[in-house]
Amino acid sequence: MKFYKIDITHKSIFDQYFAEFEPEIADLTFTNLFMWAPFYDIHFTEEDGFLLIMAKPYNQPPFLHGPVGNDLDKLPIVIKKARRYFESEGYNFMIKRASKKTVDMLSACKMEFKSIFERDLSDYVYKVEDLVNLKGKKYHAKKNHINKFLRLYSGRYEWKKVDEEIVRLCWDFECEWYEKRNGKEDIGLTFEKMAIERAIRNFDKLSYEGMVIFIDGKIKAFTFGEPLNKNTVVIHIEKADPDVEGLYAFINQKFLAEFWQNFEFVNREEDLGKEGIRKAKMSYHPFKFAEKFTILFD
């Protein structure tokens, strides 16, 4: 078994496996894996009809993502081969960020394993219509934020679809945002900046759509997303000037309304256990979670 470092030329391989597998978690898009490769050091191989994705994250032990494939007869064989590879390299074998689908498949194969639910890594999933319409008392505060933005910036803002010219402006804005947040002092923001740069530099080769908000002719927010499966869109990135009141709420709603109303669900990824991010994501009242698990074998 030989693993290969992910690069942009491998996109068609990943896309084919993901299309057949119908993933539920945000991790399993080529865009996500490619843009975050500097942090996770992503490698992959194909084995017996499965796509195996290995991560060697910064300052953390290596792990295998849930195998991407649907052949239950071959899954135990693939797991054994992957385990042998990990052990031959001196790594403890584990599967992390595994979806409920992966857990169910392993159970169906009668494999012996222990699954540990990872709340901090599980993705927030909302109904698109809920975040577009914002009906009811529970969304009253969100509507107020948007209305305030519209009052303050009526006639001064415009939105545009990201294209090869506009995407370069997103990079300029990201650099400004990073400096405002003193990103050099935060390793997480530094890796995020690297991820965004990879996505922007490869805009013409990746599959995401994007929206930007201009105020007085200057970019003040951008967001990127793409289909995750047949009924779910995933939002990879959402950045806005924190000094512009209501802008985050506005671009959240506007992007879905203009681009993704033909999808039932939107996956807005995980909170990583960070209190501020969790509070923000919970304030939108998730419909469900795309649960993730760590899987250990005896």
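Modeller: Helices here are DSSP runs of H or I with at least four residues, strands are runs of E with at least two, and both are numbered from the N terminus. You're looking at a predicted model, where local features need pLDDT of at least 70 and side-chain atom pairs count only at pLDDT 80 or more, while totals for chains, interfaces and linings use all residues. Residues are numbered from 1 along each chain as its sequence is written, and side-chain values use heavy atoms, with hydrogens and water left out.

Colleague: What makes Glu258 and Lys254 a salt bridge?

Modeller: A salt bridge needs a side-chain nitrogen of Lys or Arg within 4 Å of a carboxyl oxygen of Asp or Glu. The closest N and O atoms of Glu258 and Lys254 are 3.1 Å apart, so the pair passes. Both sit in helix α10, four residues apart, which means about one helical turn separates them.

Colleague: Why is Asp271 called buried?

Modeller: Buried means under 20% relative accessible area, exposed means over 50%, and partly exposed is in between (1.4 Å probe, protein chains only). Asp271 has 0%, so it counts as buried. Its salt-bridge partner is Arg119, at 3.3 Å from N to O. Asp271 lies in the loop between β12 (265-267) and α11 (275-282) and Arg119 in the loop between β6 (114-117) and β7 (123-127), so the pair ties together parts 152 residues apart in sequence.

Colleague: How do you know where the two domains lie?

Modeller: Domain bounds come from an automatic or database domain assignment. That gives domain 1 (4-123) and domain 2 (125-288). Their centres, taken over C-alpha atoms, are 27 Å apart.

Colleague: What does "bury" mean for domain 1 and domain 2?

Modeller: Buried area is the accessible area (1.4 Å probe) that two parts lose on being put together, summed over both. For domain 1 and domain 2 that is about 2400 Å², with 61% of it on carbon and sulfur atoms. Thr31, Met35 and Asp123 supply 24% of the area that domain 1 buries against domain 2, more than any other three residues.
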